[in-house]
Amino acid sequence: MSNLSRFIALGLLVSSTASAAGADTPGRAREVTPTNLADFDNQIRPFLAAYCIDCHGKDTRKAGFRLDDIDGLVTAGKDIERWEKALEMLDIGDMPPESAGKHPTKADRRRITAWITDELQKIGRGPDAARLDRPEFGNRVDHEDLFSGKFSGPAYSPSRLWRKTSQIHREFENSLRLPQGTSPFSPKGGTGFQDYDNLLASEATIIAMRINASNYAAEILDGRLTNPRGPDGKPEKRGLLRPGTSRYREFNALREARSEPTPEAISAAVRRAFELLVYRKPTAAEATRYGEFLRKSIAIGGAARGLENLLTALMLSSEFIYRQELGLGPELPDGRRMLSPPELAFAIAYALTDSPPDEQLQRAVAEGKLTSREDVEREVRRMLAVSTHGYWVYEINHTFESHREACPNPRVLRFFREFFGYDRVFDVFKDESRNPHHKPQFLFKDADLFVLSILEDDKQVLNQLLTSNRYVVHYVSPAKAKTKLEQIRAGKERNSSADDLKRLNAGITPVLGGYRGGQYYTAYGFEKETWNYPVEQPFPVDHRVGMLTHPAWLVAHSGNFDTDPIRRGKWIREHLLADTIPEIPIGVDAALVEDPHKTLREKLEKTTRAECWRCHKQMNPLGLPFEAYDDFGRFQDEVFYTVDREIAGTFFEREAKIKQAKQKKQPEVQFTTQPIDTRGALTGSGSAELDGDVKDVQDLMQRLARSDRVRQSFVRHAFRYWMGRNETLNDSPTLMAADKAYVKSDGSFKELLVALLTSDSFLMRKDEK
Amino acid sequence: MTHSRRDILKTFSATMGGALMAPVVRQLHAHAAGDETKLPKRFVFVIRANGLRPWGIVPEGLEKIGEDRHRQDRFAEFSLAGRKLHSSFASLEPLKDYVTIVNGLSGRAAAVSDPHGANFGTLGVYRSMNGAPPAAKTIDAALASAMPSVFTHLGFKMGTASDLIAHPAVSAAGRGRRLPFYCSPMLAYKELFGSLAKNEALQAGSQLDRELLDFMVDDVKRVKQKLAAPEKEKLDHYLKGFESLRDRQVKLATLDDNVRVHIPSITDKYSSPVETHRLEAHFDLAAAALIAGLTNVVTFDADDLDGHYSGLGLGEKSLHGIGHLADDFKVGRDSNFADGTDGVGARNIVRKFQIDLIAGLAQKLKAVPEGNGTMLDNTLIVLLSDSGQQHHANYQNFPMVLVGNVGRRFKTGRFLNYPSYGHDENRTLGSFYLSLLAAAGHARGSFGELDLRLPAASQRQPLPELFA
């Protein structure tokens with residue numbers, strides 16, 4: 001740790017060159033300036049007349065909405081709801097509809113939305129300005145504009161504090177072998193990227209951290225857990241300490257002192273605490289201030305509790321809670337500043353991992369070799385050249401949740417989890433009686449390995465992710481597979497049966513994945529009795545085409561009892577087609593009819609009513625091809641009906657009924673079937689060639705994979721994840737360069753990542769007003 | 001009874017461990033001045049999972065009236081006097097005059113596709129998907145901020161034995177701001193009463209805490225000076241956290257020694273591995289905190305679907321499993337408990353446990369005179385489920401049990417049956433929450449989202465039927 005602290009001794013916060021302390025403007029009550037009716041008459045009324053009133057006039061009133069009688073006095077407040085509605089429709093480009101004869105220019109549209117927004121904000125209404133910072137609003141920036149080449153930046157991120165993640169906090173605990181505490185950061189929750197720079201620390205952070213701190217202090221100061229087993233399962237090798245003794249002599253010295261602590265002992269303890277917790281040495285001023293605090297605390301509560309107070313104070317400091325990216329490098333004429341070398345080291349480290357800078361990064365800072373774009377590129381490439389083999393062979397057990405980050409460069413894998421959203425597979429509750437084999441953690445791991453196997457090749461990564469059927473299912477390493485096979489032959493494999501040997505002799509490799517998975521692989525259509533387990537993985541799996549047909553993704557985007565074509569369509573629209581779907585309007589009854597005789601496609605008929613279809617036409621046709629899988633992700637090409645013409649439950653339930661009838665020697669259970677309709681349609685791909693009706697999920701995925709817009713949408717999401725914010729038009733050069741790097745390298749994700757992490761958006765900071 | 005409140009507190013401390021009282025001073029002053037309206041109003045929300053079934057809460061003889069399938073087309077009111085409450089409500093019989101049973105309020109504005117609960121929507125009346133951050137303030141937070149106290153809002157969650165603090169999807173102070181809930185009774189005890197103990201070690205601890213908070217306020221301010229505006233704002237938020245904790249400390253430290261009574265004694269329940277014991281400890285802590293005037297609003301996240309009721313002999317199945325047992329509503333698929341307990345039986349056991357806790361809390365409040373009545377007269381306890389009337393919710397009916405009358409503003413001792421969803425006269429959770437705000441003296445014109453299928457006007461009104 002001491003190395004690390006040395007190089008950051010420059011101090012991240014010490015320098016105040018970065019941000020001029022602006023004088024606080026005292027808040028003054030804002031008087032509402034009433035709407036200038038001349039503006040309304042000159043600009044807005046003609047716009048409404050030209051584009052809206054035809055359908056929303058006195059007589060037409062489409063969707064029960066009229067605008068012909070609206071007066072321009074927005075600030076009077078009587079038409080707030082209508083103005084808000086109009087604003088939303090214009091903002092997401094939903095109105096006027098495509099079918100309308102004429103459309104406003106983008107500039108017109110922007111002018112009008114800005115006017116309405118301003119007027120609404122005068123009276124405290126209208127959209128919350130901060131919402132555009134949230135990931136779900138990322139697509140509001142016009143896609144064509146971003147990739148038009150018309151915007152030349154310069155790109156930068158705002159100088160910022162970026163709240164650390166729960167994962168960084170866990171890593172901190174692991175690195176010091178601290179007992180696991182409560183995460184001090186309340187989760188963002190919801191779908192989408194979890195780690196954005198607009199997240200805040202709050203009172204809950206303080207409460208949690210104070211609880212944690214006293215437990216941590218027990219370890220740091222008393223060494224209670226000094227010799228526990230590490231993550232490798234082996235006990236700490238260094239010498240045993242006697243209880244009540246710290247690993248750190250500076251702390252022991254204070255506790256053993258018989259009289260008032262000397263200034264030297266105090267400052268040594270403060271220095272040690274800084275190095276341990278914020279990875280740097282204190283400045284002289286900090287040493288004095290924290291020293292004084294420590295002395296006072298010892299006077300009140302004795303050495304042990306005084307020290308605990310010091311550690312707690314540092315763990316509550318903004319530097320411990322927030323990553324600091326102020327841009328402490330030299331200022332350019334345009335006001336931007338590059339991150340300083342220590343800032344760069346942290347930015348790179350936290351871009352790829354959950355740990356502070358590794359030794360090489362520290363050395364680069366110390367030797368002055370982390371100052372340029374080229375230096376950053378060198379370090380990023382070095383860190384990306386790492387094997388993930390350890391994670392492949394990591395065996396899932398009941399503690400899998402806490403080991404989800406066991407992959408090197410965990411943030412890279414986490415991007416794919418959060419982009420595709422298959423990490424939600426844990427959140428969708430499925431009744432055990434409908435399929436006792438369902439084990440989300442195994443599907444999750446399979447999906448991880450599917451991603452990693454594609455990243456390993458690093459060619460046409462997105463294309464592969466969208467179309468490959470080469471999955472990894474219930475993986476064991478070839479070496480372990482070989483051993484297991486030998487043991488089965490010798491009748492010594494602990495969890496195998498005589499049947500396994502029989503299968504083996506018949507030329508079928510029995511399932512070699514760990515027994516804890518049970519038969520979860522039935523989700524892929526494999527059966528224990530007949531599956532010839534592939535030792536070589538990944539391997540082609542029938543009826544699958546990319547991540548969106550992976551059981552993990554399908555379950556994560558399903559309901560408790562049903563598939564969910566709407567959510568799936570929405571996902572594609574927003575993640576692959578860079579489009580925005582308005583939230584469900586309040587007052588709409590979102591539930592589908594309950595009718596055991598109808599398929600989901602039939603139930604969705606309800607959404608084809610005109611007022612629903614305006615939004616649903618953007619989702620349903622994209623989601624319906626996935627009806628080729630049941631809500632556990634198992635392939636199906638037929639709907640099964642009971643004799644009463646009711647839908648006959650899950651595969652498992654049908655099998656159970658058949659088995660039961662057989663056991664009870666009842667007449668065979670009869671089902672009638674009908675082929676499943678998996679047709680759909682693609683719109684908005686940005687290419688007339690690709691748009692159109694699709695015959696099934698294969699067709700849909702192949703078309704999506706060929707779309708430039710889909711690729712660019714993927715780049716936009718990667719940008720958001722690594723910059724921790726939504727893109728703006730200033731970031732256009734960064735996005736275009738990243739897209740180009742990806743295309744030029746035959747779809748290498750590494751090259752895309754290097755482009756992003758060496759871009760101005762990543763390296764440059766500027767104070768925002 | 002002519003005891004002064006102070007005397008009562010002393011005897012109270014002997015029986016339950018007692019409580020220390022600060023705002024008591026304020027209340028006694030209010031009393032002396034004869035100004036009853038200044039007495040604080042208190043609200044306790046008990047949120048349970050798995051639905052609160054109408055058949056399980058209506059008084060005997062009215063069972064058929066409550067269920068959804070017997071569609072109500074008009075409002076009906078029944079006095080509880082002379083009627084026996086449901087068998088699981090035995091402990092509330094002596095408090096019958098304080099009880100209101102409400103059936104038929106809808107919450108479709110909070111309906112989500114996941115049938116297992118409306119998350120923040122239960123108390124917020126807006127759509128809140130599973131796992132999503134809250135969109136706006138919930139009613140408990142709204143009441144709490146209107147009636148601030150040392151602890152503006154106190155949350156307790158059953159949780160697991162190793163949980164300390166959690167942020168369940170129940171209460172929110174605003175968009176994205178989940179409120180914390182104590183899972184560990186020990187931790188709650190320390191935070192609520194730690195600084196008030198006479199114990200020297202604890203006192204030194206609280207002095208250290210004060211030093212720490214002062215230091216942090218100073219430290220964060222220093223850092224803030226060096227930042228540009230947007231980050232400044234971010235740190236302001238953090239700073240406010242320290243300041244509110246420090247203010248709390250100061251308020252706790254200035255409590256009048258004369259009204260300081262012993263704090264609840266820690267029992268085995270505080271660290272029991274049995275979840276029901278910890279919930280009992282939570283109710284003890286809540287009673288003490290309310291009586292001490294440390295808070296005016298408490299929310300219990302009484303159980304969740306992953307949890308077990310091993311303390312009630314139902315440990316064999318999770319609560320979710322119990323929800324899938326057949327009862328007369330025929331949602332179930334799972335088999336009964338090994339001892340034959342079925343869905344109806346298991347639900348009765350859980351409900352009785354929760355009603356007993358509520359009755360216990362109400363009795364403690366009733367034992368403390370306040371103004372011309374007791375603390376219970378200025379309190380309202382609300383029991384409801386985040387999935388309304390059943391395990392798989394349609395969010396069309398949120399049955400509830402109320403105990404207390406909010407300064408005698410509510411007329412009690414009744415069963416109120418509102419017209420079913422679909423009728424124009426159907427009323428909503430939003431209206432109910434408006435009633436609470438009005439009763440607390442903070443009336444307003446809307447809370448949460450409107451259900452556009454129902455007339456808007458009535459949704460912007462409190463429920464007149466509740467009021468005296």
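Modeller: We begin with a definition: helices are DSSP runs of H or I with at least four residues, strands are DSSP runs of E with at least two, and both are numbered from the N terminus. The model before us is predicted.

Biologist: Where does positive phi occur in residues that are not glycine?

Modeller: A:H474 is one case, with a phi of about 55°; A:D746 is another, with a phi of about 60°. A:H474 lies in the loop between strand 5 (470-471) and helix 19 (478-489) of chain A, while A:D746 lies in the loop between helix 29 (732-744) and helix 30 (749-757) of chain A.

Biologist: Is A:H474 buried or exposed?

Modeller: Buried means under 20% relative accessible area. A:H474 has 4% relative accessibility and therefore counts as buried. A:D746, at 36%, is partly exposed.

Biologist: Which residues are joined by cis peptide bonds in chain A?

Modeller: Here one looks at omega. A cis bond with omega of about 0° joins A:G153 and A:P154, and another such bond joins A:Q537 and A:P538. A:P154 sits in the loop between helix 5 (143-146) and strand 1 of chain A. A:P538 is in the loop between helix 20 (498-505) and strand 6 (539-540) of chain A.

Biologist: In what order do the strands of the open sheet in chain A stand?

Modeller: The order of its 3 strands is 1-11-4, with mixed pairing. Strand 1 (157-158) and strand 4 (337-338) are at the edges and have a single partner strand each, so one side of each lacks a neighbour in the sheet. Strand 4 of chain A runs antiparallel to strand 11 (residues 764-766), to which 2 bridges join it. Across this pairing, A:M338 stands opposite A:M764.

Biologist: And in chain B, which residues cover the two faces of strand 4?

Modeller: In a regular strand the side chains alternate between the two faces of the sheet. In strand 4 (residues 154-157) of chain B, B:L154 and B:F156 are on one side, B:G155 and B:K157 are on the other, and all are buried. This strand pairs in the parallel sense with strand 9 (residues 297-301) of chain B over 4 bridges, and B:K157 stands opposite B:D301.

Biologist: What does B:F156 contact beyond its neighbours within four places in sequence?

Modeller: Its partners include B:F181, B:Y182, B:L192, B:H282, B:V298 and B:F300. B:F156 has a relative accessible area of 0% and is buried. In the largest nonpolar core, with 132 residues, A:F251, B:L92 and B:F156 touch the most other members. A second, separate core of 115 residues includes A:F419, A:A705, A:F719 and A:A755.

Biologist: How many helices and strands does each chain have?

Modeller: Chain A has 31 helices and 11 strands; chain B has 13 helices and 14 strands. Buried residues are 53% of the 769 in chain A and 61% of the 468 in chain B.

Biologist: What confidence scores accompany the model?

Modeller: The ipTM is 0.80 and the pTM 0.82. The average pLDDT of chain B is 84, and 85% of its residues score at least 70. Over residues 1-26 of chain B, however, the pLDDT is below 50, although this stretch has 68 contacts in the model beyond near neighbours in sequence.

Definitions and conventions
Residues numbered from 1 in each chain as written. Chains lettered and ligands numbered in written order. Predicted model: local features only at pLDDT ≥ 70, side-chain atom pairs only at ≥ 80, totals over all residues. Heavy atoms only, no water. Core = buried A, V, L, I, M, F, W, Y, C linked by side-chain atoms within 4.5 Å. Buried < 20%, exposed > 50% of the residue type's maximum accessible area, 1.4 Å probe, protein only. pLDDT = per-residue confidence, 0-100. Contact = heavy atoms within 4.5 Å. Pairing = 2+ DSSP bridges.
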